[in-house]
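User: Here is a model I would like to go through. Please set each label against its cut-off.

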Amino acid sequence: STPKPSSAASDVYKRQASLYATILACLENPALEYRAEKLQHTFSVPSSRYYGLRVRAYIKTRNMHALTRLVSSQKPPHGYVYIVRALLQAGLVDAACTFVAKGASDRSSKHRLLAYIERGPHPPSVREALQGALP
């Protein structure tokens with residue numbers, strides 16, 4: 001049997017999960033985006049985590065304009081594979097192809113994207129669309 005985490009560690013995890021859920025909820029509502037930023041600074045949420053939360057929120061709300069603006073202003077700390085995977089999970093194949101093309105601009109991202117496209121759990125039609133988006 002696996003040992004149970006201490007109650008102190010469990011409390012910290014619950015607080016973080018609740019904080020991230022709150023930030024995500026704020027990001028999903030454009031009128032509350034400034035509150036999400038304030039929470040990030042108040043609770044010292046790492047910028048890479050906050051970036052990931054923003055990506056998830058924009059994809060969930062289908063706000064491709066904000067997602068494109070975010071990626072254009074700052075290189076994704078987790079790489080383009082993270083964004084492409086999230087878009088595919090949301091069923092947004094065309095948007096995923098757009099970000100595959102963007103991510104293929106630098107060599108290391110292109111190799112990671114190629115590996116993900118080849119090994120990912122995609123139907124053949126999606127794999128072909130993603131491969132077709134590569135320059």
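**Labels and cut-offs**

User: What makes C26 buried or exposed?

Analyst: C26 has a relative accessible area of 10%. Buried means under 20%, exposed over 50%, partly exposed in between (1.4 Å probe, protein chains only). So C26 is buried. C97, at 13%, counts as buried too.

User: What do these values rest on?

Analyst: This is a predicted model: local features need pLDDT of at least 70, side-chain atom pairs count only at pLDDT 80 or more, and totals for chains, interfaces and linings use all residues. Residues are numbered from 1 along each chain as its sequence is written, and side-chain values use heavy atoms, without hydrogens and water.

User: Why is E28 with K60 called a salt bridge?

Analyst: The rule asks for a side-chain nitrogen of Lys or Arg within 4 Å of a carboxyl oxygen of Asp or Glu. The closest N and O atoms of E28 and K60 are 3.3 Å apart, so the pair forms a salt bridge. E28 lies in helix α1 (residues 7-28) and K60 in helix α3 (residues 47-60), 32 residues apart. The count comes to one salt bridge.

User: How do you know which residues of α7 line one face?

Analyst: The buried residues of α7 are S109, L113, Y116 and I117. Seen down the axis, they fall within an arc of 95°, so they line one face of the helix. That arc is taken from the directions from the helix axis to the C-beta atoms. The face turned away carries the exposed residues R107 and R119.

Methods
Helix = DSSP H or I, 4+ residues; strand = E, 2+ residues; numbered from the N terminus.
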